[in-house]
Amino acid sequence: MREVVMKAILENNFSNHAIRRTQQRGIRPWAVNFIMAYADKYKYANQSCISQFVSHRKIRKLIKEKVISPAKAALIEGVVVIARDEMVVTVFHKRMRFRK
């Protein structure tokens, strides 16, 4: 299992902080890589970082084109990736997720 996680992390450079946050927030590395590849919304963050995520409209389009399954799309929806020069700095959910 650890090899699979490490392989996904190697596709993009993850900072130690980003690795820790993906684990704490339940965001899988493949989801971060998917967002980096298919993001259509970008906003500038401080220190030359870019905030990127996939919009609801784009997610629906990707499901329709069978690029991603609806189950996996639900895991990507609302996840934001902050990156600087292809280095993932941190990841988080746009809205607060409540645990049951």
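**Questions on a predicted model**

From the N terminus on, the elements of the protein run α-β-α-α-β-β-α-α-β-β.

Biologist: What kind of model is this, and how many helices and strands are there in the protein?

Modeller: This is a predicted model. The protein has five helices and five strands. Of its 100 residues, 38% are buried.

Biologist: Why is Gln 52 called buried?

Modeller: A residue is called buried when its relative accessible area is under 20%. Gln 52 has a relative accessibility of 7%, and therefore counts as buried. Gln 52 has its place in strand 3. Leaving aside residues up to four places away in sequence, Gln 52 touches Ile 35, Met 36, Ala 39, Lys 41, Tyr 42, Val 79, Val 80, Val 81 and Ala 83.

Biologist: What makes Thr 22 buried?

Modeller: The cut-off for buried is again under 20%. Thr 22 has a relative accessible area of 7%, so Thr 22 is buried. Thr 22 belongs to helix 2, residues 16-25. Its contacts, not counting residues up to four places away in sequence, are with Phe 14, Ile 27, Val 32 and Val 91.

Biologist: Why is helix 3 described as largely enclosed by the rest of the structure?

Modeller: Helix 3 covers residues 29-38, and seven of these ten residues are buried, so helix 3 is largely enclosed by the rest of the structure. The buried residues are Pro 29, Ala 31, Val 32, Asn 33, Phe 34, Ile 35 and Met 36.

Biologist: Is Asp 85 buried or exposed, and how do you know?

Modeller: Exposed means over 50% relative accessible area. Asp 85 has 70%, and is therefore exposed. Asp 85 lies in the loop between strand 4 and strand 5.

Biologist: What lines the second largest pocket?

Modeller: Ten residues line the second largest pocket, and Met 36, Ile 50, Gln 52, Ala 83 and Glu 86 lie nearest its centre. Strand 3 (50-53) and strand 4 (79-84) each supply at least two residues of this lining. The space in the second largest pocket is about 150 Å³.

Biologist: How is the lining of the second largest pocket divided by class?

Modeller: The lining has four nonpolar, three polar and three charged residues. Among the residues nearest the centre, Met, Ile and Ala count as nonpolar, Glu as charged and Gln as polar.

Biologist: How do you know that Lys 72 lies over the face of Trp 30?

Modeller: For a charge to sit over a ring, NZ of Lys must be within 6 Å of the ring centre and within 35 degrees of the ring normal. Lys 72 is at 5.2 Å from the ring centre of Trp 30 and lies over its face.

Biologist: How many aromatic pairs does a search of the whole structure find?

Modeller: The search finds one aromatic pair.

Biologist: What share of the contacts with a separation of 6 or more comes from residues 24 or more positions apart?

Modeller: Such residues account for 53% of those contacts in the protein.

Note on methods. Residues are numbered from 1 along each chain as its sequence is written. This is a predicted model: local features need pLDDT of at least 70, side-chain atom pairs count only at pLDDT 80 or more; totals for chains, interfaces and linings use all residues. Side-chain values use heavy atoms; hydrogens and water are left out. On a 1 Å grid over the protein atoms alone, a cavity is a set of points where a 1.4 Å probe fits but cannot get out, and a pocket is an open set with protein on both sides within 12 Å along at least five of seven lines; lining residues have an atom within 4 Å of a point. Grid points are joined across faces, edges and corners, and a volume is the space filled by probe spheres set on the points. Helices (H or I, at least four residues) and strands (E, at least two) are DSSP runs, numbered from the N terminus. Rings of Phe, Tyr and Trp (its six-membered ring) pair if their centres lie within 6.5 Å; planes under 30 degrees apart count as stacked, over 60 as edge-to-face and the rest as tilted. Buried means under 20% relative accessible area, exposed over 50%, partly exposed in between (1.4 Å probe, protein chains only). Contact means heavy atoms within 4.5 Å.
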